[in-house]
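Dear colleague,

I am handing over the structure below, and after it I set out what was found, step by step. Please keep it open beside this message while you read.

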Amino acid sequence: MSGRPPIVLRDADREDAQALVTLWAECAGAGRDEGSEAFTQQALWREPGVAEAASALELNLARPDKRIIVALIEGEIVGATVCDIGTLTPINLTRILIVTEIQVSPRFRRRSVASTLLSAAASYGEEHNCEIVVAAIPVHSREPHRYLTKIGFNQIAVLRAIQSSKLRSRLTTKATNSRDTGRLIAVRRTLRRRTDARSMPRT
């Protein structure tokens, strides 16, 4: 009885655009039935064309300290993850490895693809003297959350997202309302002072 085919790792390149679009779309589709949180996450997902994906890959791979690792089984890309080297805060030199986009095809889950990718990411972090590994994954991805918790990851932050146009609109509205409220309060105080002055007995 033959064993499972081996998982092969390598760095992604521009030519992987089509395969990675397929992988991301497959993973996004698998999360559609995971409740309202998944729906919110899906609202941020837009499937790119191959040309856009290739340009994005080229842009990301040109950045120093950034690495995209893909996992292949029998020549097919079945998983991927992205590694970034940074510092814990902008004002100290504690190096951290930030792991994002831990994507594994639903057809190949529970076959050690994620652990193989994370092992490669950890080695990359060690090569760059990273003291801490931070993993960022979608809030609705229950299975990855359970897996990361099981191997020792703790929650240290919450990521929130909004479309930039909505953010600008809401901040502008808030600022406008704040100014209007401030003006209204000032007018009321002025009127109150005038009323009080009129009601004071003259000597």
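Please bear in mind from the start that this is a predicted model.

I begin with the backbone, where two residues deserve a careful look. Glu74, which sits in the loop between S2 and strand S3 (76-87), has a positive phi of about 50 degrees although it is not a glycine. This residue counts as exposed, because its relative accessibility is 72% and the cut-off for exposed is over 50%. Asp65 also has a positive phi without being glycine, with a value near 70 degrees, and its place is the loop that runs between helix H3 (50-61) and strand S2 (66-73). With a relative accessibility of 31%, however, Asp65 counts as partly exposed.

Another aspartate, Asp16, belongs to the loop between strand S1 (7-11) and helix H1 (17-30). Since buried means under 20% relative accessible area, Asp16 is classed as buried because its value is 6%. Its side chain makes a polar contact with the side chain of Arg10, at 2.8 Å.

Finally, there is a feature of the surface to find: Arg188, Arg189, Arg192 and Arg193 form a positive patch there.

How values were computed:
Residues numbered from 1 in each chain as written. Predicted model: local features only at pLDDT ≥ 70, side-chain atom pairs only at ≥ 80, totals over all residues. Heavy atoms only, no water. Helix = DSSP H or I, 4+ residues; strand = E, 2+ residues; numbered from the N terminus. Buried < 20%, exposed > 50% of the residue type's maximum accessible area, 1.4 Å probe, protein only. Patch = residues over 30% accessible without salt bridge, like charges linked within 9 Å, V, L, I, M, F, W, Y side chains within 5 Å. Areas by Shrake-Rupley, 256 points an atom, 1.4 Å probe, with all protein chains shown as cover. Salt bridge = Lys/Arg side-chain N within 4 Å of Asp/Glu carboxyl O. Lys, Arg positive; Asp, Glu negative; His and termini not counted. Charge placed at Lys NZ, Arg CZ, Asp CG, Glu CD. Polar contact = N/O pair within 3.5 Å; in protein donor to acceptor, adjacent residues only side chain to side chain.
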